[in-house]
Amino acid sequence: MAAAVHCLSSCLALPSKLSNLSLNGPSTSSATHSTSTHFTSLSFSASLSHNFFSKVSFLLFSGCFSLSPVQRPTRRSVVCEVATTKKPDSAEKRARQAEKRRIYHKSRKSEIKTRMKKVLEALDVLKKKPDATPEEVLSIEKLIGEAYSIIDKAVKVGTLHRNTGARRKSRLARRKKAVEIHHGWYAPNPEVSA
């Protein structure tokens, strides 16, 4: 405790001792390192950096103070940008949704074309058959009903426009009627003129 008080009192008296401090150390006339040792005067240049003398550590070794300059690390400023949480781009989402719908509609349209092709081929075979019976139309009517169901569902979910769906169904019905007329199973009513 007494050494700490002595060190504190020595440090408080330091400014008056710094005026006599020399960088060369104590004069050679005195052999002992006592606190009464006289130093030659120390002059500081104005061109010296303030950072060089900003932090000085004082060590107490057998009554002699030694100065050791400590340099501060150079300060570097880091510029950071705050990354805002970006909302997902609506155009990208729309593109993903459009691609998903395109694939869905493509498969449904393909199914419609396949069903219609089966019905039209069956009607062509029946039309070319010379000894066809009216009961053979029943199997084709079942295919037509399946095609109608697929077309109606495509219109309902928005794959086809309602007019397009109606036109496709009408095409199948007209072709069936043409086959029935060809074989004589259907006689159209005579148009009544007004």
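Before I use a length, let me say how it is worked out: the expected span of a helix is 1.5 Å times one less than its number of residues. Helices (H or I, at least four residues) and strands (E, at least two) are DSSP runs, numbered from the N terminus. What you see is a predicted model, in which local features need pLDDT of at least 70 and side-chain atom pairs count only at pLDDT 80 or more, while totals for chains, interfaces and linings use all residues. Residues are numbered from 1 along each chain as its sequence is written, and side-chain values use heavy atoms, with hydrogens and water left out.

Let me begin with the whole chain. The protein chain has 5 helices and 2 strands, and from the N terminus on its elements run α-α-β-β-α-α-α. Of its 194 residues, 16% count as buried, where buried means under 20% relative accessible area, exposed means over 50%, and partly exposed is in between, with a 1.4 Å probe and protein chains only.

Now to helix 3. With 39 residues at 1.5 Å a residue, helix 3 should span 57 Å, and because its end C-alpha atoms are 56 Å apart, the two values agree. Its buried residues are His105, Arg108, Ile112, Met116, Val119, Leu120, Leu123 and Leu126, and these pack against helix 4 and helix 5, contact here meaning heavy atoms within 4.5 Å.

Which residues touch the most other members of the largest nonpolar core? In that core of 17 residues they are Ile112, Met116, Val119, Leu123, Leu126, Ile140 and Leu172. Helix 3 (90-128), helix 4 (136-157) and helix 5 (162-183) each supply at least two residues of this core, and helix 4 gives the most, with 7 residues. By a nonpolar core I mean a set of buried Ala, Val, Leu, Ile, Met, Phe, Trp, Tyr and Cys residues joined through side-chain atoms within 4.5 Å.

How are the helices placed against each other? The axes of helix 4 and helix 5 come within 9 Å and cross at roughly 170°, the axes being lines fitted to C-alpha atoms, for helices over the stretch in contact, with angles that run from 0 to 180 degrees between N-to-C directions. Helix 4 and helix 5 are therefore roughly antiparallel to each other. Angles under 35 degrees count as roughly parallel, over 145 as roughly antiparallel, 65 to 115 as roughly perpendicular and the rest as oblique. The axes of helix 3 and helix 5, in turn, come within 10 Å and cross at roughly 10°, so these two helices are roughly parallel to each other.

Finally, a word on the end of helix 5 and what follows. Lys128, which lies in helix 3, counts as exposed because its relative accessibility is 72%. Lys128 and His183 are 55 residues apart in sequence and 9.8 Å apart in space, C-alpha to C-alpha. Gly184 sits in the segment after helix 5 and, at 58% relative accessibility, counts as exposed.
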